[in-house]
Amino acid sequence: MRDVGIESLNVYMPMYSLSLAELAKARGVDPQKYRLGLGLEAMAIAPPCEDAVTLAANAAAPLFERGLVERDEIALLLVATESAVDHAKPVSIFVHELLRAHPACRTYELKHACYGGTAALMTATQWIASGASRGRKALVIATDIARYDIGSAGEPTQGAGAVAMVVSDVPQQIAIDFRRSGSFAEGVFDFWRPLDRREALVDGQYSVDCYLRALDGAYQDFERAGRNGDLKSPLPITDRFGVFLYHVPFPKMAWKAHRRLLEIDWRLRDEEEPPEECFAQGSFENSVSPYLAACRAVGNSYTASLYFCLATLLESHGERLRGEQAALFSYGSGCCAEFFNGVVGPGAGVETGVQRLLAQRRPISVAEYEAMRTGAEDDKSAPPDGFQGRFHYAGTERDRRRYLPVSG
Ligand code: COA
């Protein structure tokens, strides 16, 4: 069996950024709460002409333009989102049309809060590994806009973005070990969005507890899968993986998760003295923090957030990390979680769009952000100057959403 995983990857983020120091000032909150308490510097704000469809298509289009994949190679197009634009017509078929993908292509949308991107990635890797792909490739896109009520505790943890990944048996970026992964599922109301609402509802502190409990469950399942039911690894987890990537609703969550993971591993190994890493920042600073750079500036992009960490790793640290073992943890409220692993590929170290798009963003004021958030959803205006995408949302006509290429 050949290796399977991500052959190429490209990100997209909206053009506006809102400084969290500015937001803190406007809300009468100590800015250090957002900077140190949540680990955030800014969040991406989508202009009214962007939605989950345009973010997805704008992330994927450069993969074709740069010749990294051909249209007729893609026979599976999966789009993961919790920001759907229609109850029946999936985001994936809008994206299929905009990308002019081949008609001989299975395509659908996946939803399980922030876990959907990983569900899609695992489906795609197993489709390739099974042989059903017959040498063709999958395009997996995670795309979302995180919205909480203005003035709510969740407001500083918004954001938006998309990550497009070509999955094949030439895993130049990262090979995914699809045989060994650990899952955890439990019906909880930690975060949800009723059908008539644009903004999510959340029991914030409870969602942090649910995330950490799911990490415990998924990691135990992962360990069981790796050693035929034996939970006691001969080596501490920090000796087995040099990189840890987490779902990042806000960067401080990755710190909480990493500390908890080391504690769980120590408990499972039944060692008398906890390893120093359980108490020290060292492991976090070396193996987690460098890959949080995009999330600190983009905020929460739900399904895409774990893959923004991967994109940061591949672009800014990829060359140094080729051959490195990486542990990944994906959490989706509600909840379902998965702990899995991969090996950084020989092609890591190429541009994924993170640095370029961050540098091109335009800062907006709190007043501009609030006007965008409270404005009508149906936007027939042209995309603003400086718009980086290839496609924009052009409003609804006779109940049909319209998307147009950006002219010029
Ligand atoms: N300086 C430095 N740190 C400060 C501070 C200050 N002036 N004021 C508060 N903090 C710290 C707190 O000690 C806390 O740190 P800790 O978690 O390590 O204890 C952190 O900032 C957050 O403060 P808290 O009072 O817990 O924030 P909150 O009640 O406003 O809610 C969330 C935080 C994340 C729960 C909220 O933003 C939310 O609901 N987000 C959406 C849901 C989500 O992202 N869930 C994650 C799991 S999926």
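This is a predicted model: local features need pLDDT of at least 70, side-chain atom pairs count only at pLDDT 80 or more; totals for chains, interfaces and linings use all residues.
Student: What makes strand β11 and β12 a pair?
Tutor: Four bridges join strand β11 (residues 243-246) to β12, and the strands run parallel. Two strands pair if DSSP finds at least two bridges between them. Four bridges meet that cut-off, so β11 and β12 pair.
Tutor: Residues are numbered from 1 along each chain as its sequence is written, and side-chain values use heavy atoms, with hydrogens and water left out.

Student: What makes a stretch a strand or a helix?
Tutor: Both are DSSP runs, numbered from the N terminus. A helix is H or I over at least four residues; a strand is E over at least two.

Student: How do you know whether β12 is mostly covered or open?
Tutor: Buried means under 20% relative accessible area, exposed means over 50%, and partly exposed lies in between (1.4 Å probe, protein chains only). Seven of the eight residues of β12 are buried, and the strand is mostly covered.

Student: Which way do β12 and β13 run?
Tutor: They run antiparallel, joined by eight bridges. Glycine 332 stands opposite cysteine 336 in β13. The hairpin has three residues between the strands, and glycine 334 there takes a positive phi near 120°.

Student: What kind of peptide bond joins glycine 334 and cysteine 335?
Tutor: A cis bond, with omega about -5°. Cysteine 335 sits in the loop between β12 (325-332) and β13 (336-344). Most peptide bonds are trans, and most residues other than glycine have a negative phi.

Student: Why is alanine 113 called buried?
Tutor: Its relative accessibility is 10%, which is under 20%, so alanine 113 counts as buried.

Student: Is arginine 134 buried or exposed, and how do you know?
Tutor: Its relative accessible area is 64%, which is over 50%, so arginine 134 is exposed. Arginine 35, in helix α2, has 47% and is therefore partly exposed.

Student: Why is β4 said to be largely enclosed?
Tutor: Seven of its seven residues are buried, so the rest of the structure largely encloses β4.

Student: What makes β4 pair with β5 and β6?
Tutor: Five bridges join β4 (residues 74-80) to β5 (residues 106-110), in parallel. Six bridges join β4 to β6 (residues 137-146), also in parallel. Leucine 76 stands opposite arginine 106 in β5, and its partner in β6 is alanine 138. Valine 79 stands opposite glutamate 109 in β5.

Student: What handedness does the unit of β4, helix α4 and β5 have?
Tutor: It is a right-handed β-α-β unit, with α4 at residues 91-98. Right-handed means that, with the strands pointing away from the viewer, the path from the first strand over the helix to the second runs clockwise.

Student: How many residues surround the ligand?
Tutor: There are 18, and the closest are Asp30, Lys33, Ala153, Ser207 and Lys256. Each has a heavy atom within 4 Å of the ligand.

Student: Which elements give two or more residues to the shell around the ligand?
Tutor: They are α2 (31-37), α6 (204-226) and α8 (251-269).
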